[in-house]
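Have the viewer open beside you as you read. Here is a short tour of how the chains meet, with stops at two single residues.

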Amino acid sequence: MIKKYISLVFLMSLLSACATTDQQDASATDNAATGSSSETAAVSSGVDTASAVEVAVESAVQLENVFYFDYDQATLGSDVRASLDAQAAVLRNNSTAIVLEGHADERGSREYNLALGERRAKAVADYLAIQGISRARIEVVSYGEERPVALRSNSADYALNRRVELK
Amino acid sequence: MRVNFRFYVCLIVFFFSGLSAADLVIEVTDWVKDPTKIAIVPFHNRGREVQQDIAAVIAADLTRSGQFSVLDRDDMLSSPSHAEEVHFRDWRALGVDYLLIGRSENRRNKMVVKYSLFDVHTQRALLANEIRAGRDAERAIAHKLSDAVFEKLTGIRGAFSTRMLYVSAQRNELGVSSYRLILADADGANAREILRSSEPILSPAWSADGKQIAYVSFETQRPAIYQQIIATGERKKLTNFSGLNSAPAWSPDGKHMAMVLSKDGNPDIYLMNLATAELQKITHHSAIDTEPSWLPDGKSLVFTSDRGGKPQIYQFTLADKSVKRLTFKGRYNAKASLMPDGKSMVMVHGDEQGYHIAWQELATGRHLILTSSSLDESPSIAPNGSMLLYATKYAGRGVLAAVSVDGGIKFRLPSPSSDVREPAWSPY
Amino acid sequence: MRNSTTESTGRLANVLIMLLLLTPDSVFALGQVEVVEAESTIVPAERYPSDGYFDVVSDRKSRAQIFDSNAPAAVASAATNTDILLQLQSLQAELRQLRGLVEEQRHAIEMLDRKRIDDYLDLDHRLSVVHQSQVEAKPAPDKEEGLNFSFVPMVATQPAVSAFDQAEPPLSVEAEAKQAYRQSYQLVKDREFERAQTSLTDFIQRYPSSSYIPNAYFWLGELQYLAMELPLSRDSFISLIEQYPQHKKVADAKFKLGKVYHQLGQSAKARSTLESVLSDHAQSTAANPAREYLNSNLR
């Protein structure tokens, strides 16, 4: 029964990876229609279906271990969800322990950023749990702004530092 | 006068550069409009040679307060060390309001410093006293003397004899970081390492009696809160729950530690009874609650919460468990810290220009932005409430800086070799 | 205001609690049963713009209809759960934003409230200056503490002191009462309205026979009016008018009482009270404002 369920989920996740692109496209049109002004919406509406499929396929092949976020947000963008779907498909086939490290950019206060990093890592953990990865396998650690990967004080580097790393 | 300032800044830089590499260097970047003019005559010494120029340390202290301009030594016409050697007319001619003279005796086991402070206009002695200490205690004596002069001339208790904690981070060529918790005098001198780790160190905090500290260390790959006695180095792990263990803050009576734990799923503020290790959860909210800071009366705390969508400062009152939002200006207000009188606070304030240190009066909501750099954080107030230390970025590197509570005086304490951050000014 | 905002927050909280019951851990069993069309299930958080609590709710409804449709069996569970997780996250963000909005609006209202009182005092001050000059041009026979409209020390202090100085040489209790009244009145001048109100109430209880009682009633009524405690204000003015019908403050008290009645929606009483100012106290400084008020509000 469990085996059957797992394979079902695996199949589904592959399907959903494709489904995601459709969904993304649909949401992009939605956003255009409702005139949403959020940054992510602006970005995703610029992505055509073909390239979105490419992104999804690519991320399914070479697994993404780092997931990025908007300023002061822990929302999982559609690209992040696609990468996580692919990760989940692999993780379901083994039972290794996973550490999710949450990070923030340097702006604002350190302790708040510590909490923000944790919120991001938990958002990823919850998403993976729903994809069938036992929450008991996942440990969440936040480093806040203490472990930047990019060191300059500009928006490009900030974007690289607002991340969750799967280890 | 500007020239003299520059000279003194140079002097200070020169002065400190001879010290250990971990020491901070002080650059005064902004002064009050009309500083008090004082001359500090080099102290005459008898006995063993002194290692430190007491008059120079005092000059540096008073300059750093921003409220004094110190006369250039080269301009002095004489160097009296006894009252009878003072010719007030000369000092008046130099435009000096006050004059400090003194002499030291450095014996084998002790050091005695006698000093006098004169009002040049009335020609009267305002202070005439002596300080005794162990041998080679020049810096400690100099800071005490600065405290006495500062209090006499401003009416505000001096905080030159206090200390500070800060975190220093360094990355080597291989990209490996090393973090150090440093304890130093309030002027950055006498820096010594309390803890070194390859994992982050955060949130240093003082007990109200200044004898113990608390901090967060990731040395076990997970955050944990530690409590440490400074004198003995003895330490104790207070918490290492799963999730966040952060932002320790000692209650004014020393009995409780406020802290942030996310063991129940999201960050909330807890009080730990330090005698029993009993935990009491005081905020219950699905949003982020963090950065608790006590009001001096110990009856309430302020904290940062994003329960309103953006981080803002809230006040929690222990008696009735009420929560009240305090900040309404700006899209980002965090890490508040109360002034010693409990009537106002400073915090990190984010607006279109970046992140500054701002001051706010609790009763009226009156608001003042104190700093103009854009990545300012971690404000920590001097025990006399006159200045506050904060962390900022200067030339791409983390530095400490200080600003007076009215925003008028500023100085930087750049470290020669590492990123420094999270200053915590000790109590008296 | 306060009630309605807590109510809306409460409703949101209910929605959240419902969703919390469906958090990741508990959701597996659910997911295995439900059959959903794959394309419609992953809902990006961006779909919910920040102004849309109601959007979210209506969206849930339409989604519920999709649940009923017969769709391919495979891809169900995780996708449904994902849907719920993302909705939960977006609802939490939404709730935070709304809470922030409520906090900010409450603050704005408090600020407006404070400003309203300040504006009132400012207006009062200017009016009293105008009246002062009128009075000076045509000296009134009896000058009591301040002019009737004024809380403002600039104008009020002088006459107040002289009024006290002119008071009868008092008995010792009366001296004490005078002292107490003076303190209460100082609170009024210092704009410590809440404390002044308490202090005046105490005064009336402690010194019921003092000659300052009518004055105390008058100021108490004024303060209660300022605090929009209209029934209390009405009672204070009535106490003054009924118990001390000969007191020089009665004309002003009647004028104020008329305004209170009007704001309480009792127009007939308001009119008769104001008209009695015109008939019984035609020479008083309250007569003109009473006439103006009648003309502009009640005719």
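Predicted model: local features only at pLDDT ≥ 70, side-chain atom pairs only at ≥ 80, totals over all residues.

Residues are numbered from 1 along each chain as its sequence is written, chains are lettered from A and ligands numbered from 1 in the order in which they are written, and side-chain values use heavy atoms, with hydrogens and water left out.

The size of an interface is often given as the accessible area lost when the parts come together. Buried area here is the accessible area (1.4 Å probe) that two parts lose on being put together, summed over both. The table sets out both interfaces.

| Chains | Buried area | Share on carbon and sulfur atoms |
|---|---|---|
| A and B | about 2,700 Å² | 49% |
| C and B | about 870 Å² | 48% |

Between chain A and chain B, 27 residues of chain A are in contact with 38 residues of chain B, where contact means heavy atoms within 4.5 Å. On the chain A side, A:Arg110, A:Glu111 and A:Tyr112 lose the most area to chain B, together 25% of what that side buries.

Seven salt bridges cross between chain A and chain B; a salt bridge is a side-chain nitrogen of Lys or Arg within 4 Å of a carboxyl oxygen of Asp or Glu. One pairs B:Arg421 with A:Glu146, whose closest N and O atoms are 3.0 Å apart.

Turning to chain C, eight of its residues are in contact with 11 residues of chain B. Four salt bridges link chain C and chain B, and the side chains of C:Glu104 and B:Lys310 form one at 3.8 Å, N to O.

**A serine in chain B**

Is B:Ser344 buried or exposed? B:Ser344 is buried because its relative accessible area is 6%, and buried means under 20% (exposed is over 50%, partly exposed in between; 1.4 Å probe, protein chains only). Not counting residues up to four places away in sequence, B:Ser344 touches several residues, including B:Leu338, B:Met339 and B:Trp359.

**A tyrosine in chain A**

A:Tyr68 counts as partly exposed because its relative accessibility is 39%.
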